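Visitor: Hey, can you walk me through this one? I'd like to start in the sheet.

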Amino acid sequence: MASCSVIPSASSLVSSSLCKLFTSRNSIATVGLLSFAPKSSSFVLLSIKQRAYHESSFRVRSVAVPVEDVAGFDDMVAGTQRKYYMLGGKGGVGKTSCAASLAVKFANSGHPTLVVSTDPAHSLSDSFAQDLTGGTLVPVEGPECPLFALEINPDKAREEFRSATQKNGGTGVKDFMEGMGLGMLVEQLGELKLGELLDTPPPGLDEAMAIAKVMQFLESQEYSMFTRIVFDTAPTGHTLRLLSLPDFLDASIGKILKLRQKITSATSAIKSVFGQEQTTQQDAADKLEQLRERMIKVRELFRDTDSTEFVIVTIPTVMAINESSRLRASLKKENVPVKKLVVNQILPPSATDCKFCAMKRKDQSRALDMIQNDPELSNLTLIQAPLVDVEIRGVPALKFLGDIIWK
Ligand SMILES: Nc1ncnc2c1ncn2[C@@H]1O[C@H](COP(=O)(O)OP(=O)(O)OP(=O)(O)O)[C@@H](O)[C@H]1O
């Protein structure tokens, strides 16, 4: 009977690829093993073994895959000037695992590092197996240099926008325009799409606000120690909307503010009579201006080739590769620097293959060929990451994955 290579036999374990997960005395470790049931032709979760350990450590079985491609980690780690890495791609391909493993690797290489999730569906806490929620910087236990994590709450960011654009909890364009002292112009401003902008904040805004918030944090002295910032971004669709958002906001807000300026200067004598109201209007205008400036900073950050790199993460399937190709094309159009493509969850090589694995491997190999022939992807540095047989959770497991991917 063909054996399934996803479960390496004991003899195939290579000592250098063993990962030690440190657990406290008598702790419970859960190890999930994937196996193949030839008769049912499906993967089954063979066993979830709960083991009580008296030792202070245990070993996770893992596959040894030769990684020929080099990620250029020496370049990534060189220098102490601050660098930003944004990891993005299709949903579920392993963005969080790759981002968290990169952050651990940076921290273990001497860089005080911050890893940030701007994905509305956060999974950093799950990935690090620590509670990182709360919207503030939380220290991650384990790495040699300080590693902090931050899960930005997109609802809060959205709320901030609403409060900046809506006066006294009111809704709608009219309230807002009145709040800005522009009530009389509501009818004439249809072409600015203000309704869309103010009532339903544009998609991508929460992500942009989240990134802006991080940059705000980083400007303060308190956070100046971080030399590497790793972003675990939301799936492709959000990223694309995020990229086009600053221009949209810049244009819309810019027009509103210019208009307001004109009217304010023309009627300043009358306005000064309403001292209090003018202050409120000024507050609203200041907040909008601040938002516009932040969005411009986000746009600049994404395009700064000296300090920023966007890393695309994918899996070897036709759908994921097609999406990555479109993402790369959009990033190129927006002048966002991309050099690397991580192809995650590649089946490890095997001398003996079950039918399912053989088919799967063929399929993956076809998908990998697609990358070689894709005009958007073929010139990127290809980093191949294996599918490992346990879920990547916790710092030791992330270190293990990071040492395979980031070389
Ligand atoms: N190389 C790998 N080998 C085995 N499992 C993996 C690997 N990479 C990721 N996984 C697992 O795949 C699942 C999804 O990974 P992850 O959360 O990193 O993806 P994601 O792209 O961030 O997802 P989302 O788009 O939902 O945020 C997780 O259970 C993770 O442990």
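This is a predicted model: local features need pLDDT of at least 70, side-chain atom pairs count only at pLDDT 80 or more; totals for chains, interfaces and linings use all residues.

Visitor: Why is strand E6 largely enclosed by the rest of the structure?

Guide: Because 5 of the 5 residues of E6 (residues 113–117) are buried. Buried is under 20% relative accessible area, exposed over 50%, partly exposed in between, with a 1.4 Å probe and protein chains only. Strands are DSSP runs (E, at least two residues) and helices too (H or I, at least four), numbered from the N terminus.

Visitor: Which way do the side chains point from E6?

Guide: Thr113, Val115 and Ser117 point one way, Leu114 and Val116 the other. In a regular strand the side chains alternate between the two faces of the sheet.

Visitor: Which strands does E6 pair with?

Guide: Strand E8 (residues 147–151), parallel, through 5 bridges, and strand E9 (residues 228–232), also parallel, over 5 bridges. Pairing takes at least two DSSP bridges between two strands. Val115 sits opposite Ala149 in E8, and Ser117 faces Asp232 in E9.

Visitor: What's the strand order in the open sheet?

Guide: E7-E8-E6-E9-E5-E10-E11-E12, 8 strands with mixed pairing. The edge strands are E7 (138–139) and E12 (381–386), each pairing on one side only.

How values were computed
Residues are numbered from 1 along each chain as its sequence is written. Side-chain values use heavy atoms; hydrogens and water are left out.
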